[in-house]
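Welcome, and thanks for opening the viewer. Let's walk through this model together, one selection at a time.

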Amino acid sequence: MKFINKLADWANRLLMLCILLFSALAIGYGVYVLCDILYAKNSAFISHDLLKYRPAVNTSEEQDGRPESFTQLKYINPDTVGWVEIFGTHINYPIVQGSNDLEYLNKDIYGNSALSGSIYLAADNNGDFGDWYSLIYGHHMENGAMFGDITKFLDKDYFDSHRSGVLQTDSGEYLIDVFACVSTNSYEGTIYNISPDSEKKYPELKEYISSHSNNLTDIPETGADTKILAFSTCTDATTNGRIVLFAAAEKVKSGQTVEIPVYAIEEEKEPVIRKLTAAIGEMSYGSQWALLNLVCVLYTLFTLLPVFSLKRKYRQIGYSKRKYRELSEQNSSDGNLKKICSDLRGFVRKMHLGIMLEALIVIASAIVFILTENISKQIILSDEWTWLMVVMAASALVTDFICFRYRGIRPDNEVKD
């Protein structure tokens, strides 16, 4: 009967341990998902350190420190083909082009996995924007990042007040003039057709724009220096729903400057815009941090300062000292008693050594985490530093096992591990 009760007790402990581990894993995964969602929403805004690689625009405004070409951006990502900005909106991003239209759907300009993806040119277009018609894709983010502001162009007043912008390419700059906003679907071949003979279908495209536009001005004609741009994003209204912003892009001639509208300058100075633009702060290459590294840091801390048994762990020091003094005062010639005293004295020394080693491991682990991770960046499960964090966490466990376990003869039944 006693055996059955003992077995049931151990089974109950095992069950509780499994529940505890499962709960910890569930909570950890929940934190991971929430952090990833938060990062995806906020990191979709252009970052300050990426903005500094944007080539200088040919304007009358001072742009000290801006590079003159896309060389630095191409060093970050060779697939960079341009930069687009629609004044007064959050559309202010570099443009990349992949080998297919799915490559940058969920990958940022640094090559990292990102739910917000990148702003990218259709793979069938020429990367120099030499085509008369260029199709540019971007995710619709509810907070206005990426192409999230395109849905605002469905409003007539917003459409009329945010029609200008600039497209920068290696071959020159283009003034952007938005002329239509169309609600459509992802299967519309009239819009999503980049075939070699598509220029012959421009009359068909003009007819489609005229009959399906939510907002529309005069549809331009194409020419040597005038291109048509289509900015496509999804919409929450239907699964395959799309909103496409059409704009004429006229090449800036030699000596001509790009005039930034007053409203764009004023809106850029508003605190809300500043806050949104700086939502993530100084982002840089390798913008990720590892959840397992944080878990290892917390584990080393909990080894030094156990959450549930702090008193039990460290009271061994005081107890062992008192017991050693009591036994030493007996002045007994009993060899077994002397062995116990020696064991207790050595145990106290080991515990002091263990405290110092565990404290050093905690400090080292925290320093490595602070120097290598930034929790304002994208969360991933592990990175190149995880192995070192795991080694330090395991070292803390081994140190605790060696230094806080009494291995000598027990003076009485009160001494506990």
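In which strand does Gly172 lie? Select it and you will find yourself in strand 6, where strands are DSSP runs of E with at least two residues, helices are runs of H or I with at least four residues, and both are numbered from the N terminus. Before moving on, please note that this is a predicted model, so numbering runs from 1 along each chain as its sequence is written, and local features need pLDDT of at least 70. Side-chain atom pairs count only at pLDDT 80 or more, while totals for chains, interfaces and linings use all residues, and side-chain values use heavy atoms, with hydrogens and water left out.

**Stop 1: around Gly172**

Gly172 touches both of them, leaving aside residues up to four places away in sequence; contact here means heavy atoms within 4.5 Å.

**Stop 2: the whole chain**

Zoom out. The protein chain has 11 helices and 11 strands. Of its 417 residues, 42% count as buried, a term for under 20% relative accessible area; exposed is over 50%, and partly exposed is in between (1.4 Å probe, protein chains only). Among the contacts with a separation of 6 or more, 68% join residues 24 or more positions apart.

**Stop 3: two loop residues**

Select Phe129, in the loop between strand 3 (120–121) and strand 4 (133–137). Its phi is near 60°, a positive value in a residue other than glycine. Is Phe129 buried or exposed? Phe129 is buried, at a relative accessible area of 2%.

Next, pick Met146, in the loop between strand 4 and helix 4 (156–161). Met146 is also no glycine, and its phi is positive, near 55°. With a relative accessible area of 3%, Met146 is buried.

**Stop 4**

Select residues 202–212, which form helix 5, and colour its buried residues: Tyr202, Leu205, Tyr208 and Ile209. They lie on the same side of helix 5, because they cover an arc of only 120° around the axis, the arc being that of the directions from the helix axis to the C-beta atoms. Turn to the face away from the buried side and you will see the exposed residues Pro203 and Glu207.

**Stop 5: helix 9**

Find Arg322 in helix 9 (residues 310–328). Arg322 counts as partly exposed, at 44% relative accessibility.

**Stop 6: helix 8 beside helix 11**

Finally, show helix 8 (residues 291–304) and helix 11 (residues 386–403), whose axes come within 9 Å and cross at roughly 15°. Helix 8 is therefore roughly parallel to helix 11, a label for angles under 35 degrees. To see the contact, select Leu292, Asn293, Cys296, Val297, Tyr299, Thr300 and Thr303 of helix 8, then Thr386, Met389, Val390, Met392, Ala393, Ala396, Leu397 and Asp400 of helix 11.

Note on methods. Axes fitted to C-alpha atoms, helices over the stretch in contact; angles between N-to-C directions. Parallel < 35°, antiparallel > 145°, perpendicular 65-115°, else oblique.
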